[in-house]
Amino acid sequence: VLVMGAYWDERKHVVPTAEFQPLDTEGRRLPVYLAIDPGYSGKSVYAVLALQQFGSNLVVFDEITAQTLVHEEVIDLCRTRPWWSHVASGVIDPYAGSSHVYGGLSPLDIWWRQGRVPVYAAPRFEVADVVSRLQLMLRDPTHSRSHIIVSPHCTRLRWEMGHWRRTLSR
């Protein structure tokens, strides 16, 4: 089953003006938040989404994706972006864990030590609950509009939204 099939619409959700905004209308610095999915092994994708919140709306304006890179290398890629100095915090996949199984530094520790970014593990909700919340953000029935817009530059996120499939249990 295509998870976001009826909810994701490139024509509606992908907006050319979805860009990093360094300042608000009064000249104050606007924060950037990171959504981090470090993947799980050599062939999976390490993904970092950069976004800003404006009221109840999220603008995903940049992404960094990589395979075979470790946390420190991904952080170094993030440092090259013009939005890096605006990063306020991040949230990481809850299954990335807060400690390493072999006693090494956790991803949370590495993001703090290397990047000075406070990263928090997302709560472990049921997948169905996360999917339902994302669907609501993509198409809010109360307002008949989306609360998420995505930059055309976020090619991996756009691909995932159009191809994410799950097998339904019976």
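Beyond the neighbours within four places in sequence, D62 touches V48, L49, A50, R81, W83 and C154. The model in which these contacts occur is a predicted one. D62 itself lies in strand β3, which covers residues 57–66. Is D62 buried or exposed? Its relative accessibility is 12%, and the cut-off for buried is under 20%, so D62 counts as buried. One of its contact partners, R81, is also tied to it through the side chains: a polar contact of 2.8 Å links D62 and R81.

The next step is a helix pair. Helix α2 spans residues 71–79 and helix α3 spans residues 107–115; the two pack with their axes 10 Å apart, at an angle of about 45°. Angles of 65 to 115 degrees count as roughly perpendicular and those under 35 as roughly parallel, and α2 and α3 are therefore oblique to each other. Their crossing is right-handed.

Which residues make up this contact? From α2 come H71, E72, V74, I75, D76, C78 and R79, and they meet P107, I110, W111, Q114 and G115 of α3. Sorted by class, the contact between α2 and α3 has 6 nonpolar residues, 3 polar ones and 3 charged ones.

A last stop is S132, in helix α4, which runs over residues 127–138. With a relative accessibility of 42%, S132 counts as partly exposed. S132 and V3 are 129 residues apart along the chain, yet their C-alpha atoms are separated by 9.7 Å.

Methods: Residues numbered from 1 in each chain as written. Predicted model: local features only at pLDDT ≥ 70, side-chain atom pairs only at ≥ 80, totals over all residues. Heavy atoms only, no water. Axes fitted to C-alpha atoms, helices over the stretch in contact; angles between N-to-C directions. Helix = DSSP H or I, 4+ residues; strand = E, 2+ residues; numbered from the N terminus. Parallel < 35°, antiparallel > 145°, perpendicular 65-115°, else oblique. Left-handed = near helix turned anticlockwise from the far one by under 90°. Contact = heavy atoms within 4.5 Å. Nonpolar A, V, L, I, M, F, W, Y, C, P; charged D, E, K, R; others polar. Buried < 20%, exposed > 50% of the residue type's maximum accessible area, 1.4 Å probe, protein only. Polar contact = N/O pair within 3.5 Å; in protein donor to acceptor, adjacent residues only side chain to side chain.
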